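Q: I am new to this structure. Could you walk me through how to read it?

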Amino acid sequence: MAIRNLRYDGDPILRKTCKEVTELTPRIKELIEDMFDTMYEENGVGLAGPQVGVLRRLFVIDVGDGPLTFINPVIVEKSGEQTGGEGCLSLPGKIATVTRPNHVVCEAYDKNMEKFTIEADELLARAICHEYDHLDGILYKDVADSPLCNVDDYEENNSGR
Ligand code: ZN
């Protein structure tokens with residue numbers, strides 16, 4: 001078990017485009033385990049390669065239904081819409097309202113480099129879109145409907161809705 005150092009907003013590595021994973025090397029396997037350790041330690045629901053300084057097309061997610069590894073993911077279908085608060089381990093303590101597809105179909109390779117297709121709704125769909133954006137150097141604040149605000153102030157600002 002190893003916790004990796006997180007990269008934070010302002011770090012240029014978060015703005016780079018990631019390269020595909022070509023081979024499941026011991027180094028990549030270790031990276032995946034460390035990414036889960038780091039995500040759970042930080043109470044996140046997702047973590048992408050660049051957030052731990054690795055420019056590879058890979059992310060991990062656990063929205064409460066168990067760990068999911070996505071290597072070289074492609075979002076092949078998006079539909080519907082959901083609007084809600086979103087945060088990121090690279091922007092600690094912040095939140096903003098982001099509109100995302102409510103349903104996505106994503107193809108990727110799992111931790112054994114076996115191809116899979118997942119249909120995701122609601123929070124899982126949101127997490128996939130958020131993590132996928134990281135692989136192209138996009139942060140949620142770039143696509144948010146509202147300015148970033150502190151988590152503690154968020155409910156207050158939206159209580160009128
Ligand atoms: Zn993020």
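A: We will take its features one by one.

A: This is a predicted model, in which local features need pLDDT of at least 70 and side-chain atom pairs count only at pLDDT 80 or more, while totals for chains, interfaces and linings use all residues. Residues are numbered from 1 along each chain as its sequence is written, and side-chain values use heavy atoms, with hydrogens and water left out.

Q: Which protein atoms are donors of the zinc ion?

A: Donors are N, O and S atoms within 2.8 Å of the metal (3.2 Å for Na, K and Ca); water is not among the atoms, so sites may look incomplete. Here they are Cys88 (SG), His130 (NE2) and His134 (NE2), at 2.0 to 2.2 Å from the zinc ion. Their spacing in sequence is C-x41-H-x3-H.

Q: Where do Cys88 and His130 lie?

A: Helices (H or I, at least four residues) and strands (E, at least two) are DSSP runs, numbered from the N terminus. Cys88 is in the loop between strand 4 (82-86) and strand 5 (94-100), and His130 is in helix 2 (residues 122-134), so the pair ties together parts that are 42 residues apart in sequence.

Q: Is Cys88 buried or exposed?

A: Buried means under 20% relative accessible area, exposed over 50%, partly exposed in between (1.4 Å probe, protein chains only). Cys88 is buried, at 11%. His130 is buried too, at 6%.

Q: How many disulfides does the structure hold?

A: A disulfide is a covalent bond between the sulfur atoms of two cysteines. The test is a pair of cysteine sulfur atoms within 2.5 Å. The structure holds zero. For Cys18, the nearest cysteine sulfur is that of Cys88, 13 Å away. For Cys129, the nearest is that of Cys106, 8.7 Å away.

Q: What is the strand order in the open sheet of three strands?

A: Two strands pair if DSSP finds at least two bridges between them. The order is 4-5-8, with antiparallel pairing. Strand 4 and strand 8 (149-150) are at the edges with a single partner strand each, so one side of each has no neighbour in the sheet. Strand 4 and strand 5 are joined by five bridges. Thr83 is opposite Thr99 in strand 5.

Q: Which side chains of strand 7 are buried?

A: In a regular strand the side chains alternate between the two faces of the sheet. In strand 7 (residues 115-121), Phe116, Ile118 and Ala120 point to one face and are buried. Strand 7 pairs antiparallel with strand 6 (residues 103-109) over seven bridges.
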